[in-house]
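Please walk through this protein with me, from the overall fold down to single residues. Keep the sequence and the model side by side.

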Amino acid sequence: MRHSAAVWDYRAATEITKDWNGINQFLLRNPQGASARVSLHGGQVTSWRNEHGEELLFTSSKAIFKPPKAMRGGIPICFPQFGNCGSLEQHGFARNKIWTVDDNPPPLHPNDSHGISFVDLLLKPSEEDQKGWPHSFEFRLRVSLTTDGDLILISRVRNINGKPFSFSFAYHTYLSVSDISEVRIEGLETLDYLDNLCQRERFTEQGDAITFESESLIMKKSGHML
């Protein structure tokens, strides 16, 4: 028998544990048995399982789970720089930092508040961060799991001192795929991208879908930055 969403206690559905480095991580669950695991290391989702217990995210066997190294797997947060488009290290510093729990986040729009189990995280720059990127900000991240087992990430960046700055951002998601030849990425036709393998030359995507014939082509095609 399924639990009614009306009586589901999202707090009871959130379990706090520690990883092997002693860093807090949060296990989110829904009544149907789906789950997601979120680490304070990088504010990173490290696992997302459906109601059958099947893992939907991939983690490399070579992943290093110790700060300040970024974790290669799950959903790394690329901020305030994506790729090498700037003066910072590859993909910025957010994925290498220890985030905190946001106990009093500003309210979300009602249309975005549909997670049945969720956690709110917060990242603020350290003095060391501001030496390389001298801007004041608050990065808020809500990770939520819906009744249907959907995983939703909502990011909000706030400028603290009003001085303008620009940034780039991405969810660098590692999806677990059983057959890469069956994968199609649609909706990119006519969009411009910078090709890292061609000295960041700008191209326009012509195909109606990006496909992969083998794993050896993944790295080549992932060199495109929209």
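What follows moves from the whole chain to its sheets, its aromatic rings and a few single residues.

This is a predicted model, in which local features need pLDDT of at least 70, side-chain atom pairs count only at pLDDT 80 or more, and totals for chains, interfaces and linings use all residues. Residues are numbered from 1 along each chain as its sequence is written, and side-chain values use heavy atoms, with hydrogens and water left out.

Start with the whole chain. The protein chain holds two helices and 15 strands. Both are DSSP runs numbered from the N terminus: helices are H or I with at least four residues, strands are E with at least two. Of its 226 residues, 40% count as buried. Buried means under 20% relative accessible area, exposed means over 50%, and partly exposed lies in between (1.4 Å probe, protein chains only). The accessible surface comes to about 13,400 Å², and carbon and sulfur atoms supply 50% of it. These areas come from the Shrake-Rupley method with a 1.4 Å probe; for residues, only the protein chains shown count as cover. Now take contacts, meaning heavy atoms within 4.5 Å. Among contacts with a separation of 6 or more, 52% are between residues 24 or more positions apart.

Next, the strands. Strand β3 (residues 35-39) runs antiparallel to β4, and five bridges join them. Two strands pair if DSSP finds at least two bridges between them. R37 has S47 in β4 as its bridge partner. The two strands form a hairpin with four residues between them, and G42 in the turn has a positive phi of about 80°. How many residues of strand β4 (residues 44-49) are buried? Five of the six are, so β4 is largely enclosed by the rest of the structure.

Further along, four strands form an open sheet. The order is β6-β7-β8-β9, with antiparallel pairing. The edge strands are β6 (100-101) and β9 (151-159), each pairing on one side only. Two bridges join β6 to β7 (residues 117-123). Here T100 stands opposite L122 in β7. In a regular strand, side chains alternate between the two faces of the sheet.

Look at S144 in strand β8. S144 is buried, at a relative accessible area of 1%. Leaving out residues up to four places away in sequence, S144 touches L28, G115, S117, F118, D150, L151 and I152.

Now the aromatic rings. The structure holds 13 aromatic pairs. Rings of Phe, Tyr and Trp (its six-membered ring) pair if their centres lie within 6.5 Å; planes under 30 degrees apart count as stacked, over 60 as edge-to-face and the rest as tilted. F79 and W133 are edge-to-face, at 6.0 Å centre to centre with 75° between the planes. F79 lies in the loop between β5 (77-78) and β6, and W133 in the loop between α1 (127-132) and β8 (137-145), so the pair ties together parts that are 54 residues apart in sequence. F79 and W133 are both buried.

W133 also pairs with F165. Their ring centres are 5.2 Å apart and their planes at 75°, so this pair is edge-to-face. F165 lies in the loop between β9 and β10 (170-171), so the pair with W133 links parts that are 32 residues apart in sequence. One aromatic cluster takes in F79, F93, W99, W133, F137, F139, F165, F167, F169 and Y171.

F79 has a further feature: a cis peptide bond joins it to P80, with omega about -5°. P80 is in the loop between β5 and β6. H91 lies in the loop between β5 and β6 as well. H91 is not a glycine, yet has a positive phi of about 65°. Is H91 buried or exposed? H91 counts as buried, at 8% relative accessibility.

R200 is another non-glycine with a positive phi, about 60°. R200 sits in the loop between β12 (192-195) and β13 (201-204). R200 is partly exposed, at 33% relative accessible area.

Finish with the cysteines. The count of disulfides (cysteine sulfur atoms within 2.5 Å) is zero. C78 is buried at 0% relative accessibility, whereas C198 is partly exposed at 29%.
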